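Subject: Handover of a structure and notes on it

Dear colleague,

Please find the structure below, followed by an account of what was found in it. I would be grateful if you would read the notes with the model open beside them.

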Amino acid sequence: MSAAPYLPAGLPAPAAANDGLDTEYWEAARRHELVVQRCNACQGFQWGPEWICHQCHSFDLGWQKVSGRGTIYSWERIWHPVHPALREACPYMVVLVELPDAGNVRMVGNLLGDPMEEVVIGSAVEAVFEDHPDDGVTLVQWRRV
Amino acid sequence: MSENTISHKVAIAGIAETAYYKRGAADRSEFQLTLEAILAAAEDAGLDVRDIDGFCSYSNDRNDPPRIASALGCKDLSLSNMFWGGGGGGGSGAVANACAALVAGYSKYVVVYRGLAQGQFGRFGQGSQARTVSGGPAYTQPYGLMSPAQTFAMRVRRFMHDYTIGHEPLKAISMASYHHAQSNPRAVMHGRPLSEEDYENSRWIVEPFRLFDCCMENDGAAAVIVTTAERARDLRQKPAYVLAASQGSDYRQAATAHNAPDYGTSNFKTVAARLYAQAGIEPKDVDVCQSYENFTGGVMMSLVEHGFCAPEEVEEFMTLENFKAGTGKLPLNTSGGNLAECYMHGLELITEAVRQLRGTSTAQVQDPRISMVCSGPMVQPVSSLILSKE
């Protein structure tokens with residue numbers, strides 16, 4: 001089941017990079033799966049994706065499906081709209097989530113729910129998938145657990 | 001002192017800026033503003049502008065050296081240099097590049113300049129209007145994380161969490177800039193004092209930044225003339241000698257989607273260590289500091305990483321009294337800086353650092369010997385500069 005869109009329509013939509021670097025991430029999100037780039041040589045995780053493993057310099061990189069459970073590493077409540085689509089959407093909440101089962105890589109997303117609710121760094125969240133059928137993309141969002 | 005250093009071999013011999021304007025208020029082109037600043041800096045130095053043979057800038061300045069050299073009729077163009085990446089983090093780095101070229105003998109007189117007319121070319125503080133984004137921006141912009149304030153608030157929040165720091169230091173940094181701008185007629189916020197209540201009552205932009213934690217956006221241009229210490233002594237002004245100029249970035253700081261391993265940082269840890277080693281001084285030797293305020297939280301971390309206090313001492317050390325010229329332990333942003341003089345992308349911090357050594361600041365510190373600039377916290381790369389009278 002898809003989460004209802006957290007922010008209004010009209011923001012830039014994500015598109016897979018034209019060199020194919022992150023195509024699998026966006027395709028997995030559409031299947032409602034969270035994947036993280038992982039090195040086939042040293043098994044190290046990496047995010048955002050790159051063509052080389054920063055730890056062992058292997059070019060043999062794959063994708064690992066992960067649980068989608070994480071903890072809040074930092075957060076911000078945004079009050080000033082910097083895009084016309086956000087004029088009626090403030091305040092909204094953006095969180096930086098650390099993924100313990102993916103080498104503690106971090107991902108940015110919105111924290112679903114009341115933006116005025118207190119946020120505690122270190123508290124648990126899990127991934128939810130927000131479909132945008134008009135753009136053919138799915139965003140990975142976060143909710144409290 | 002090692003032979004392999006620019007220390008004491010190079011000096012800033014001329015400084016100038018145009019009038020500073022609110023964003024969009026300049027009545028002439030960005031290129032003309034840039035030319036005016038360069039002409040005035042040469043005049044300040046007592047140098048024929050046609051003798052400038054090197055050009056250094058940063059943040060993809062649109063006014064390129066071949067065009068400037070042609071417009072001014074410079075006799076020779078020996079250096080056409082751009083500091084790559086980092087926005088305002090390149091201010092001191094552009095001076096560092098000028099120093100390297102001078103010590104290497106590539107150039108005789110180098111101008112470091114920045115021209116910026118956001119009215120003509122669009123603002124930094126607005127989100128992208130693109131329909132789609134890919135690569136790094138695809139992992140942030142669809143979530144409404146689009147502007148510099150939003151990018152950096154996340155880092156500052158983590159630092160404040162790690163060391164249990166409240167908002168008082170941010171307020172002190174903001175008020176110090178506004179306080180010093182009140183004696184500076186060049187400042188866009190001259191005549192617009194900021195009270196504690198004004199700060200407290202100002203609206204949130206993105207927590208933990210209020211309106212007055214954020215820099216302005218302006219039109220104008222500034223320039224400084226850098227040359228060898230020997231040539232500088234033959235020019236009009238008392239030279240501001242470069243003791244150290246350092247640039248760089250810590251381990252994987254530019255990892256996309258906010259994945260820098262050390263996250264709650266201004267990115268000055270390795271740069272500051274190199275800076276002090278090159279200068280042969282310690283933080284306690286610094287008499288006055290100009291620290292780039294894109295956002296106050298970045299200044300807070302910059303001062304910590306330049307060794308002025310430990311992270312645990314931030315609340316005790318970072319007070320308005322300590323930042324004031326005249327009474328403070330570390331006079332800070334004595335022209336008003338990016339918050340209240342002009343967002344000249346931090347080049348106004350370098351002209352002010354020189355003014356302090358000349359004794360011509362409008363918030364003059366008594367007889368300073370060492371004057372420091374920290375350029376562009378939280379970006380990649382960043383840079384710093386130490387100037388001295390001797």
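This is a predicted model: local features need pLDDT of at least 70, side-chain atom pairs count only at pLDDT 80 or more; totals for chains, interfaces and linings use all residues.

Is M378(B) buried or exposed? M378(B) is buried, since 30 other C-beta atoms lie within 10 Å.

Residues are numbered from 1 along each chain as its sequence is written, while chains are lettered from A and ligands numbered from 1 in the order in which they are written. Chain B averages a pLDDT (the predictor's confidence in each residue, from 0 to 100) of 96, and 99% of its residues score at least 70. For the complex, the predictor gives an ipTM of 0.98 and a pTM of 0.97.

Most residues other than glycine have a negative phi, and most peptide bonds are trans. M378(B) has a positive phi, near 80 degrees, and is not a glycine. M378(B) lies in the loop between β12 (370-375) and β13 of chain B. Here and below, helices (H or I, at least four residues) and strands (E, at least two) are DSSP runs, numbered from the N terminus. N267(B), also not a glycine, has a positive phi of about 75 degrees. The loop that holds N267(B) runs between β10 and α9 of chain B, and N267(B) counts as buried, with 28 C-beta neighbours inside 10 Å.

In chain A, two peptide bonds deserve attention. The bond from W47(A) to G48(A) is cis, with omega near 0 degrees, and G48(A) is in the loop between β3 (45-46) and β4 (61-65) of chain A. The bond from C90(A) to P91(A) is also cis, with omega near -5 degrees; P91(A) sits in the loop between β5 and β6 of chain A.

A covered strand in chain B

How many residues of strand β5 (residues 109-117) of chain B are buried? Nine of its nine residues are. In a regular strand the side chains alternate between the two faces of the sheet. In β5(B) both faces are covered, with Y109(B), V111(B), Y113(B), G115(B) and A117(B) buried on one side and V110(B), V112(B), R114(B) and L116(B) buried on the other.

Two strands pair if DSSP finds at least two bridges between them. Strand β3 (residues 54-58) of chain B runs parallel to β5(B) and is joined to it by three bridges; F55(B) stands opposite V111(B). Strand β9 (residues 218-228) of chain B pairs with β5(B) in the antiparallel sense over nine bridges, and T227(B) is the bridge partner of Y109(B).

V110(B) is in contact (C-beta atoms, placed from the backbone, within 7 Å) with residues including F55(B), L79(B) and V226(B). That list does not count residues up to four places away in sequence.

A helix with one buried side

In helix α9 (residues 269-279) of chain B, the buried residues are V271(B), A272(B), L275(B), Y276(B), Q278(B) and A279(B). They lie on the same side of α9(B) because they cover an arc of only 160 degrees around the axis, the arc being that of the directions from the helix axis to the C-beta atoms. These buried residues pack against β10 (240-248), α10 (296-305) and β13 (382-388) of chain B. G280(B) follows α9(B) and has a positive phi, near 70 degrees.

Where the chains meet

The contact takes 34 residues from chain A and 37 residues from chain B. On the side of chain A that touches chain B, the elements giving two or more residues are β1 (13-14), β5 (69-78), β6 (92-99) and β7 (105-110) of chain A. Two bridges join β1(A) to strand β6 (residues 132-133) of chain B, and these strands run parallel. There, A13(A) has T132(B) as its bridge partner.

Yours sincerely

How values were computed:
A residue is buried if 20 or more other C-beta atoms lie within 10 Å of its own, exposed if 12 or fewer, and partly exposed in between; C-beta atoms are placed from the backbone. Two residues are in contact if their C-beta atoms, placed from the backbone, lie within 7 Å.
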